[in-house]
Amino acid sequence: MGILEGKRILVAGVTMDSSIGFAVARAAQEQGADVVVSNFGRALGITKRIVSRLPKQAPVIELDVTDDAHLQRLPEQLGEHFDGLDGVVHSIAFANPETLLGGRFLEGPWPDVAQAVQVSAYSLASLSTACLPLMSSGGAVVAMTFDATVAWPAYDWMGVAKAGLESCSRYLARDLGPRGIRVNLVSAGPLKTLAAKAIPGFEDLESMWSDRAPLGWDEQDQGPTARAVVALLSDFFPATTGEIVHVDGGYHAMGA
Ligand code: NAP
């Protein structure tokens, strides 16, 4: 029996089979979960094709986290597939690569920064809140970060958005804990996904990561990150919330 047997999970943010969300959906199904996947806009068609590669069928619903109407109708949409929700995976981020990433930090224009913060940080709160009507029995929320305690080359305003996400998760942990809902983050090392490829210069980080991480690091393997997300969704972390679990080969703990 898997550690997510009988659990109903929303995985938000699956575009390709390289998406961390895709690896999470697969690992969750392998552990017995029923999964609904979401994505938005033009990529929705791609997501619908990609989910056929999952071990089990997973309905795909449309969710743009910047669209209030989408958030409002989310419980109804999920209700077509589930009679409740045990877990929410937030695997969503966006920052305009032309203005906010790749070393032009000092020039980042506010409207683009506002969009990055809304999609990548605020949406953890709006998505979690939208799911509350289905989470009356408690549950778990897990989101993805890239260590926001330091400044990275190229990551620029996405780093600021991730700092917001990390703080947001702690406030959500405070306010949702009394409802039996745990809120945690997985801080992953660099992984070759669409989002990572959009960051000019991010590949330099990838090559140094595997040299410095004591456990080594394979930027092509979303599996370890996905399994950590599944563990946090499961009943094996019943007293853990507001936490950031590093899945980075140990890179974050090294001084040099
Ligand atoms: P990904 O495959 O590109 O996933 C990002 C997802 O966010 C995509 O499905 C994207 O949809 C979706 N998205 C963007 N704007 C959205 C919106 N307004 N509403 C709903 N969904 C939206 O890349 P990924 O690397 O797996 O990213 C997943 C998460 O992991 C992100 O939070 C990312 O920052 C984090 N992370 C990634 C790495 C890494 O190295 N790859 C490391 C640590 C943390 P579209 O494709 O349609 O735009």
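What share of the 256 residues in the protein chain is buried? Buried residues make up 54%. Keep in mind that this is a predicted model.

Let's start with the fold. The protein chain has 9 helices and 7 strands. Its C-alpha trace spans about 45 × 40 × 40 Å along the principal axes. Now the radius of gyration. A compact globule with 256 residues would have one near 18 Å, and the protein chain has 17 Å, so the two agree.

Next, contacts along the sequence. Take the contacts with a separation of 6 or more. Residues 24 or more positions apart account for 76% of them.

Now the inside. The largest nonpolar core has 54 residues. Val11, Val35, Val186, Val229 and Leu233 have the most contacts inside this core. Helix H1, residues 20-30, gives the largest share of the core, with 7 residues.

Let's pick out Val229. Which residues does valine 229 touch, leaving aside its neighbours within four places in sequence? Valine 229 is in contact with Val24, Val89, Val142, Met144 and Val186. Val186 is also on the list of residues with the most contacts inside the core.

There is another core, apart from the largest one. This other core has 33 residues, including Ala12, Val36, Leu71 and Cys131.

The accessible surface of the protein chain comes to about 11,600 Å². Carbon and sulfur atoms hold 53% of that surface. On charge, the protein chain has 19 positive and 29 negative side chains. How far apart do the centres of the two sets lie? They lie 3 Å apart.

Key
Residues numbered from 1 in each chain as written. Predicted model: local features only at pLDDT ≥ 70, side-chain atom pairs only at ≥ 80, totals over all residues. Heavy atoms only, no water. Helix = DSSP H or I, 4+ residues; strand = E, 2+ residues; numbered from the N terminus. Rg over C-alpha atoms; globule rule 2.2 N^0.38 Å. Buried < 20%, exposed > 50% of the residue type's maximum accessible area, 1.4 Å probe, protein only. Contact = heavy atoms within 4.5 Å. Areas by Shrake-Rupley, 256 points an atom, 1.4 Å probe, with all protein chains shown as cover. Lys, Arg positive; Asp, Glu negative; His and termini not counted. Charge placed at Lys NZ, Arg CZ, Asp CG, Glu CD. Core = buried A, V, L, I, M, F, W, Y, C linked by side-chain atoms within 4.5 Å.
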